[in-house]
Every structure is written in C-alpha cells, then in structure tokens.
Amino acid sequence: MLVDNRSVVRKVLLITLLLNLFVMGLKAVVGFWTGSLSLQADALHSVTDSANNILGLVAIRFSSPLPDRDHPYGHQKFEAVGALGIAAFLGTACFEILRGTIDRIFGDATPVKIAAPELWLLLIVLGVNIFVAFYERAEGKRVGSAILIADARHTMSDVWVTITVLAGLIGIWQGQLLHLPQLQWLDVILAFPVALLVFHSGWQVLKENLPSLVDEMAIAPETISAIAFSVPGVINCHNIASRGVVGQQVFIEMHMVVEASDVETAHRITEEVEARLEENFSPVRVLIHVEPPAYQSSQISF
C-alpha cells in the first residue's frame, strides 16, 4: 500500500531549513570577523544546506507516490531529481572552496585572528549540525524519503567540515598564544580536505539516486523467481523485470506458466504470488502475464 509521506518530509525540511539558516549566519559572521578562509568556505557549504532544503521542499511538492492520469506510475522520481540537485550544489561548493584556497595561496595572506569566544560559538554550530544530521537521517529512514537521507548525508559532511575547520582554528589560536605565525597556514591547508569531503558527499548522493532514474534492476530476478516458485501451481516464471527502490516503490513484471485449467484458478495463483512479493518488498506493484501449462518457448529463462 502506498503512503503519501510528503507532509512529514515537508515538516522535517522546514525545521532543518531554520536550523541551517542559523548555522550559516553564525559561521559567516565568525568567518568574516576572524578572516578565516576555511570558515568562510564552511559558511558557503552551509549556504548549500539551506538551498538544498528549499530544493527539497520544491521537489516534495511534485513527488506524490500516488498515480494520476498523467503520471500512472506516481511521481517519486521527482525526489531523486531533487537529490541530484543536491549533488550539483555540493559540486559547486567544492569548486568555490578550491578557488578561494588557491587565491589565498597565490595572493596576499591576511592573518587569521581567533579567540576563545569564537571557538565556543563554533562548538554550538557543531552541536546544531550533529542534531540536524541525525534527526534528518532518522526521519528519512522512518518514512523512506530519498531526499531526506541525501540531505542528511550532506549535513553530516558539514559536521566533518566543521570539525576540520575547528581543529585548524584551535591550532591557529594556540599559534597566537605561543607566537608561532607559521600555524596560520593551517587555515589554507585544511581548506583542501574540506573540499574533498564536500566532493565525496556529492558523489555518494549521485551514486545512490541515479539507479532509480535509469531504471536499474531493483530486485534480482532469481529472488523473484524463488518467491514465485514457492506458490503451488507455478510451473515456470520468466521475462522477469523490476525497477524502483525497495522500501519506497517497486514495479515488477513477469511471465508465468501456471498449472490451471480455468481463469479462476490461474487468478488465484497469481494473487498468491503477488501477496508474497508484497510481503517481501512492500510497497510493490506487480504485473503478471499468465501462460497455459502447455506453453513452450526458447526464450524461457530468468
């Protein structure tokens, strides 16, 4: 049975949008106040967090799982498209971070000035990011939302970015106290792993959502065949195809040879096969082409 979970997803995205706007503003203020390139890059990363939430809200508006006249298979691929938009935002953020870092290396390096109050503010930012990441991922898994899970992965990358930046700023802070100006380079050096973390997050989002858009096999045909053969009266099943995402929506098609002399018996057998597939891969939509016991073809296979 299909469940429209868009209201829950919309609520989660609105909550995380407000928290991400708070985090972004705090990072930007501290970044410009201290002159930290890595923290400004982290603030840019947080801009994409907020943009992703807005993109998710737009995608959810059009991603109803329920079919209509123009979309008989539902609209869930809009969520995957939204997740790909998140990957694009991450790629843009990675480019901007690298560009800013190279400009700092070959341009005038303005010293970073950091003090304990700014570091405490960043610890608050880190706590908010951790809460958002775990909250969004938990809700995404609970309701089976691809866009929430993708956005949670993005936010988790922000957690690691903030930890990296915070470690560098602590080193710079200690360098100021110990009169070690060489530690100023930590700000530039740590901007590179920040970019790599952002790129990795984008790649993961792309890898997880592209299969559903290109109709990659959702369930191994051998698995579907084994379930079908567990129903008495099934002689053979072949031409098996599946697409979608297990746990969200799966579409299965197959041809099946059944031991039945009348339509009513054949119907009962196919209903039982559909029920067992639903039990294993719900929600699932199954289309079975029934063939008589005497059916022969050289094409019969998995």
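Biologist: Hi! Which residues in H8 meet which residues in H9?
Modeller: Hi there! Bear in mind that this is a predicted model. On the H8 side there are Thr-223, Ile-224, Ile-227 and Ala-228, and they meet Val-273, Arg-276, Leu-277, Asn-280 and Phe-281 of H9.

Biologist: Thanks! And by class, how many nonpolar, polar and charged residues does that contact have?
Modeller: The contact of H8 with H9 has 6 nonpolar, 2 polar and 1 charged residues.

Biologist: At what angle do the axes of H8 and H9 cross?
Modeller: Roughly 130°, with the axes of H8 (residues 221-229) and H9 (residues 263-281) coming within 9 Å. That angle makes H8 oblique to H9.

Biologist: Is that crossing of H8 and H9 left-handed or right-handed?
Modeller: The crossing of H8 and H9 is right-handed.

Biologist: Let's switch to H4 and H5. What is the angle there?
Modeller: H4 and H5 pack at about 160°, and their axes are 8 Å apart. H4 is therefore roughly antiparallel to H5. Their crossing is left-handed.

Biologist: What does the contact of H4 with H5 have by class?
Modeller: There are 21 nonpolar residues in the contact of H4 with H5, along with 4 polar and 6 charged ones.

Biologist: You listed Ile-97. What is Ile-97 in contact with, leaving aside its neighbours within four places in sequence?
Modeller: Ile-97 is in contact with Ala-41 and Leu-44, and also with Ala-191, Val-194, Ala-195 and Val-198.

Biologist: One last topic, Ala-294. Where is its place?
Modeller: Ala-294 is in the segment after strand E3 (284-291).

Biologist: Is Ala-294 buried or exposed?
Modeller: Ala-294 has a relative accessible area of 67%, so it counts as exposed, the cut-off being over 50%.

Biologist: And what separates the C-alpha atoms of Ala-294 and Val-257?
Modeller: A distance of 8.4 Å, while the two residues are 37 residues apart along the chain.

Technical notes:
Residues are numbered from 1 along each chain as its sequence is written. This is a predicted model: local features need pLDDT of at least 70, side-chain atom pairs count only at pLDDT 80 or more; totals for chains, interfaces and linings use all residues. Side-chain values use heavy atoms; hydrogens and water are left out. Contact means heavy atoms within 4.5 Å. Axes are lines fitted to C-alpha atoms, for helices over the stretch in contact, and angles run from 0 to 180 degrees between N-to-C directions. Helices (H or I, at least four residues) and strands (E, at least two) are DSSP runs, numbered from the N terminus. Angles under 35 degrees count as roughly parallel, over 145 as roughly antiparallel, 65 to 115 as roughly perpendicular and the rest as oblique. A crossing is left-handed if the near helix is turned anticlockwise from the far one by less than a right angle, and right-handed if clockwise. Ala, Val, Leu, Ile, Met, Phe, Trp, Tyr, Cys and Pro count as nonpolar, Asp, Glu, Lys and Arg as charged, and the others, Gly among them, as polar. Buried means under 20% relative accessible area, exposed over 50%, partly exposed in between (1.4 Å probe, protein chains only).
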